[in-house]
Amino acid sequence: MNIDYEKIADGALMVSEALCKTAKDLYRSGRDFIKEVRYDTEAFRQRDPAATSTAEILLLYSGLHARTAHRLSHKLFKKGHTFSARLISQSAKFITGIEIHPGATIGRGLVIDHGAGVVIGETAEIGDNCTIYQGVTLGGTGKNVGKRHPTLGNNVMIGAGAKVLGPLTIGDNAKIAAGAVALHDIPSDSTAVGIPARVVSVGGVRIANDLDQIHIPDPIKEELSALRAESEKLRRRVIKLEKAAASAETPDEKKSATPKKSTKKTEN
Ligand SMILES: CC(C)(COP(=O)(O)OP(=O)(O)OC[C@H]1O[C@@H](n2cnc3c(N)ncnc32)[C@H](O)[C@@H]1OP(=O)(O)O)[C@@H](O)C(=O)NCCC(=O)NCCS
């Protein structure tokens, strides 16, 4: 039997080249992964005054854990491994209380502070250096298909409990106040408050009063005031009518009323 040593050598060379490439790729992606996690950790240090050390953030911050798990699940999702991607995201949700769909696209330096109850939908896009507090939803309205979740620019802040719903855009450096519900685009450098969220300032300059969502008229109070005014009007009218009726009584009627009293007296 003739052994073709040349062919075996070629095959071995090809295998070693492939192994080398895989090792290099793994090294590169591992190095990039560590670089990104380090960047995220630094973002927590800068934006959370309560953070005392890098070790504390790495070990105890659920926002960082959820985001790191999302880095892995997103990679799998993009390669079509949807089940394993979902498995990672659901496990991360179970541990951290933060649900980030593997399909969501997220930039560097996302800080999810406290985190519990945060939900980030499949087609949501988040720019760099954004901050999200507990109870935030980047969700859909149920009316859209395809792209149905919000797009956040860079340096956006979404306050605790705020809901940002639909395929709307939140511009760079915008702030969505705690408890707000954003349903329409919010421009860059602005602050939006209330339900539905209205822009109250752009670039630090206050917007006119017609956009005031703080001193909103209370419709029930207004209705009660209108009813009270109406009943007062009716009461005055009744008094006026009673007076008019009394003065309209004829002298004969008055006379007939008086003898009745005197009759009673004589009877007694
Ligand atoms: C909106 C926010 C970012 C402040 O932004 P800002 O641009 O500095 O805005 P201002 O403080 O000047 O407030 C502008 C107006 O919005 C009102 N406002 C501020 N926050 C509001 C809120 N959450 N809901 C309703 N109105 C709010 C202010 O009272 C003010 O009204 P006025 O003009 O009648 O006085 C801040 O109030 C906020 O909500 N931060 C969220 C932080 C958070 O979630 N922390 C959780 C930590 S656990």
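Strand E14 (190-193) and strand E15 (198-202) each contribute at least two residues to the shell around the ligand in this predicted model. The residues around the ligand number 14, and those that come nearest are Gly 159, Ala 160, Ala 177, Thr 191 and Val 193. The protein chain has an average pLDDT of 89, and 89% of the residues reach a score of at least 70, but over residues 261-268 the pLDDT falls below 50.

**Ligand shell and the loop between E14 and E15**
- Divided by class, the shell around the ligand holds 7 nonpolar residues, 6 polar residues and 1 charged residue.
- Pro 196 is placed in the loop between E14 and E15, and the peptide bond that joins Ile 195 to Pro 196 is cis, with an omega of about -10°.

**Helices H1 and H3**
- The axes of helix H1 (residues 5-47) and helix H3 (residues 62-78) come within 11 Å of each other and cross at roughly 155°; an angle over 145 degrees counts as roughly antiparallel, and H1 and H3 are therefore roughly antiparallel to each other.
- The crossing of H1 and H3 is right-handed, and the contact is formed by Phe 33, Glu 36, Val 37, Asp 40, Thr 41 and Phe 44 on the H1 side, with Leu 64, Arg 67, Thr 68 and Arg 71 on the H3 side.
- The residues in the contact of H1 with H3 comprise 4 nonpolar, 2 polar and 4 charged residues.

**Helices H3 and H4**
- The axes of H3 and helix H4 (residues 82-96) come within 8 Å and cross at roughly 175°, and H3 and H4 are therefore roughly antiparallel to each other.
- From H3, the residues Ser 62, His 65, Ala 66, Ala 69, His 70, Leu 72, Ser 73, Leu 76 and Phe 77 meet Thr 82, Ser 84, Ala 85, Ile 88, Ser 89, Ala 92, Ile 95 and Thr 96 of H4.
- In the contact of H3 with H4 there are 9 nonpolar and 8 polar residues, and no charged ones.

**Backbone at Asn 129**
- Asn 129, a residue other than glycine, has a positive phi, near 55°, and its place is in the loop between strand E5 (125-126) and strand E6 (131-132).

**Confidence**
- Beyond near neighbours in sequence, the stretch of residues 261-268, where the pLDDT is below 50, has 0 contacts in the model.
- Where pLDDT is low, the predicted coordinates should not be read in detail.

Terms used
Residues are numbered from 1 along each chain as its sequence is written. This is a predicted model: local features need pLDDT of at least 70, side-chain atom pairs count only at pLDDT 80 or more; totals for chains, interfaces and linings use all residues. pLDDT is the predictor's confidence in each residue, from 0 to 100. Two residues are in contact if their C-beta atoms, placed from the backbone, lie within 7 Å. Axes are lines fitted to C-alpha atoms, for helices over the stretch in contact, and angles run from 0 to 180 degrees between N-to-C directions. Helices (H or I, at least four residues) and strands (E, at least two) are DSSP runs, numbered from the N terminus. Angles under 35 degrees count as roughly parallel, over 145 as roughly antiparallel, 65 to 115 as roughly perpendicular and the rest as oblique. A crossing is left-handed if the near helix is turned anticlockwise from the far one by less than a right angle, and right-handed if clockwise. Ala, Val, Leu, Ile, Met, Phe, Trp, Tyr, Cys and Pro count as nonpolar, Asp, Glu, Lys and Arg as charged, and the others, Gly among them, as polar. A residue is near a molecule or strand if its C-beta atom, placed from the backbone, lies within 6 Å of it.
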